[in-house]
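Thanks for coming. I have one chain to go through today, and I will keep it short.

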Amino acid sequence: MKRVLTLLAAVAFVVSTATAQPPREQRTPEERARMLTDRLTQRLDLGQAQQDSVYAINLRLAKQNQQLAADATREQRMEAFRKQQDTRNTQIKAVLTPQQQAEYDKMVQEMQQRGAGGPQQNEGPR
């Protein structure tokens, strides 16, 4: 009986360890800016000048996020993130053509519907 219990405990430990998520690797601001810019380049077919502008916007905001992560409370970070999203959307749309702006608006709406970056995400207490 002891053997069975020990075996079950070992199996439970292995299963729980195998399903645990590894710690998330933190990306640098440059990596985050490049990833976001590449995603927009693919979806919106950005030209080189547009890519350079969008990368600069993303990099500036990614650096601000990094600073906030070190200095602000969770609530302050969430509020700042919402404001940054508005700023990012306005600045990025300024470098897009009307057709790209329409597609970008559609992307933003899809993200908000999925809960990625919308104001409804993570507002309640945990």
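This is a predicted model: local features need pLDDT of at least 70, side-chain atom pairs count only at pLDDT 80 or more; totals for chains, interfaces and linings use all residues.

Residues are numbered from 1 along each chain as its sequence is written, and side-chain values use heavy atoms, with hydrogens and water left out.

Confidence comes next. pLDDT is the predictor's confidence in each residue, from 0 to 100. The chain has a mean pLDDT of 80, with 72% of its residues at 70 or more.

Now the fold. There are 5 helices and 0 strands; helices (H or I, at least four residues) and strands (E, at least two) are DSSP runs, numbered from the N terminus. Along the sequence the pattern reads α-α-α-α-α. Of the 126 residues, 24% count as buried, where buried means under 20% relative accessible area, exposed over 50%, and partly exposed in between, with a 1.4 Å probe and protein chains only. The accessible surface comes to about 9,400 Å², and 55% of that belongs to carbon and sulfur atoms; the areas come from the Shrake-Rupley method with a 1.4 Å probe, and for residues only the protein chains shown count as cover. Contact means heavy atoms within 4.5 Å. Among contacts between residues at least 6 apart in sequence, 61% join residues at least 24 apart.

On to the helix pair. The axes of helix 3 (residues 48-71) and helix 4 (residues 74-94) come within 11 Å and cross at roughly 175°. That makes the two helices roughly antiparallel. Axes here are lines fitted to C-alpha atoms, for helices over the stretch in contact, and angles run from 0 to 180 degrees between N-to-C directions. Angles under 35 degrees count as roughly parallel, over 145 as roughly antiparallel, 65 to 115 as roughly perpendicular and the rest as oblique.

Which residues meet? From helix 3 they include V54, I57 and L61, and from helix 4 they include A80, F81 and I92. The residues of this contact divide into 8 nonpolar, 6 polar and 3 charged. Ala, Val, Leu, Ile, Met, Phe, Trp, Tyr, Cys and Pro count as nonpolar, Asp, Glu, Lys and Arg as charged, and the others, Gly among them, as polar.

Is I92 buried or exposed? I92, in helix 4, is buried, at 0% relative accessibility. Not counting residues up to four places away in sequence, I92 touches L40, V54, I57, N58 and Y104. I92 and V54 are 38 residues apart in sequence but 6.1 Å apart in space, C-alpha to C-alpha.

Next, L44, in helix 2. L44 is buried, at 6% relative accessible area. Beyond its neighbours within four places, L44 is in contact with L96, Q100, E103, Y104 and M107.

Q100 sits in helix 5 (residues 98-114) and is buried, at 10%. With residues up to four places away left out, Q100 touches L44, D45, L46 and Q50.

Last, D45, in the loop between helix 2 and helix 3. D45 is exposed, at 65% relative accessible area. Most residues other than glycine have a negative phi. D45 is not a glycine, yet its phi is positive, about 55°.
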